[in-house]
Amino acid sequence: MDKKLSGTLSLPDQESAIRLTEATGFELTDLRPDPPAPPDQPSNNVTFKELPLGELPKEIHLLILTPTVIAEQKAQGRTLVWQGRIFVSGNLQNVGAFR
Amino acid sequence: MTNLARRLLCLVICIDILVGMSACSIVPTAPSSLGYGSSVTTYSEADFQKDRKGYETLLETGEFERARILRDRMINRIRLEIEINYRKFESEVYGDRAGFNTAGDFVELGLAGATALTGGAATKTILATVLTALKGSRLSVDKNWFREKTTEALVAAMQSQRTIKLNQIIDKMANLPANLYAFEEAWVDLVEFFYAGTIEGALLSLTADAGKAVVDAKEDNKEISKQRVEIFKATREEIDVVRAATVRLGQLARTKNTAEAKRILDELKVPVGPDDDVFKKLQEQIRKAPEDRSLIPQIKEAFKIK
């Protein structure tokens with residue numbers, strides 16, 4: 001299942017939108033910027049896979065990737081499950097998804 | 001066969017042998033760092049196994065970034081060999097087919113000439129029969145091996161299919177970490193990339209051109225992506241309520257508590273038919289929540305979430 005997510009949103013706002021969809025029994029599998037759109041309307045495509053009835057994934061955390069963030073997340077018991085460049089607040093950023 | 005005809009036939013055969021032996025080269029000599037079969041370009045089995053073991057160890061320890069680097073290296077080493085082998089194959093397709101056709105032309109012309117020059121009716125018949133057989137053989141090779149497609153059409157089809165597959169691989173390498181685009185999946189993609197550069201692959205893709213359904217399916221996909229629903233930011237409470245409702249739904253389904261599921265559906269004012277799957281209906285209601293936030297307080301109430 002694909003959903004559209006505005007690339008003008010901040011990362012915490014995008015994270016909350018994905019969490020709400022996941023809360024209904026889906027799991028994020030891919031996140032990528034949409035093909036070139038008007039410069040003031042950047043957007044991202046979010047792909048989810050359906051989980052069995054009543055199942056939920058571990059809550060997702062989206063963070064801008066820096067040299068230390070992976071180690072910091074690992075120290076909190078989380079692993080990197082996806083990384084890539086997406087629109088965040090209108091700009092392409094290197095983002096990682098952790099669970 | 002008369003002496004003259006016999007001599008002419010021998011001359012034709014000699015010319016054909018000379019043509020075959022003088023095979024025109026259409027590719028310059030490659031430097032050693034790009035040479036076919038060179039130790040520099042070959043990805044030995046020992047090197048591959050060593051890299052693979054390192055990659056699996058990094059995955060197990062959760063070092064996805066380092067695993068990704070190793071994954072990409074393995075993919076590129078295999079890709080290099082496929083690329084070099086394919087270029088050699090492509091020039092052979094051109095050269096061998098051209099050589100075969102040229103030799104065939106010479107023999108046909110020679111036989112036709114010998115037939116015209118010879119006096120005896122029986123010899124004429126024999127030569128004419130041999131000429132017909134030769135023409136038939138050439139047509140058979142063209143039909144059965146190349147499906148009567150020109151070399152250019154086949155090479156263009158191979159290159160096109162290879163480009164499509166290569167772009168898919170590069171896209172996945174750039175956007176997916178090692179645990180989402182594992183080397184095993186890349187391995188399958190590389191096999192498909194290899195087979196895209198074969199005569200068989202080219203013939204199949206040329207046949208698929210007639211399959212307009214391929215183009216239509218792509219257009220349908222574009223249309224579907226245009227119709228994507230947009231998702232919006234949510235509050236912590238909204239997320240918690242929906243998560244709790246989904247967990248509760250799972251419990252009800254596992255214990256087959258249809259009575260409680262029906263009660264919740266009643267409270268949400270959702271009609272239930274005698275054959276309806278009440279758990280699926282509840283799931284449908286929960287899944288409407290991201291698009292209709294007014295449902296969330298109702299879900300909280302109906303599921304008795306604190």
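This briefing describes how chain A and chain B meet in the structure above. The model is a predicted one, and in it 39 residues of chain A are in contact with 34 residues of chain B. Together the two chains bury about 3100 Å² between them, and carbon and sulfur atoms account for 56% of that area.

**Salt bridges and polar contacts**

- Four salt bridges are found across the interface of chain A and chain B, and one of the residues that forms a salt bridge is Lys3(A), whose partner is Glu291(B).
- In this pair, Lys3(A) and Glu291(B), the closest N and O atoms are 3.6 Å apart, which counts as a salt bridge because the cut-off is 4 Å.
- Eleven residue pairs, with both residues at pLDDT 80 or more, are in polar contact across the interface of chain A and chain B.

**The side of chain A that touches chain B**

- Two or more residues each are given to this side by the elements β1 (2-6), α1 (11-22), β2 (26-33), β3 (43-50) and β5 (80-88) of chain A.
- Among these elements, α1(A) provides the largest share of the side that touches chain B, namely seven residues.
- Sorted by class, this side of chain A consists of 15 nonpolar, twelve polar and twelve charged residues.

**Strands that pair between the chains**

- Lys3(A), already mentioned for its salt bridge with Glu291(B), has Val229(B) as its bridge partner in β1(B).

Key. Residues numbered from 1 in each chain as written. Chains lettered and ligands numbered in written order. Predicted model: local features only at pLDDT ≥ 70, side-chain atom pairs only at ≥ 80, totals over all residues. Heavy atoms only, no water. Contact = heavy atoms within 4.5 Å. Buried area = accessible area lost by both parts, 1.4 Å probe. Salt bridge = Lys/Arg side-chain N within 4 Å of Asp/Glu carboxyl O. Polar contact = N/O pair within 3.5 Å; in protein donor to acceptor, adjacent residues only side chain to side chain. Helix = DSSP H or I, 4+ residues; strand = E, 2+ residues; numbered from the N terminus. Nonpolar A, V, L, I, M, F, W, Y, C, P; charged D, E, K, R; others polar. Pairing = 2+ DSSP bridges.
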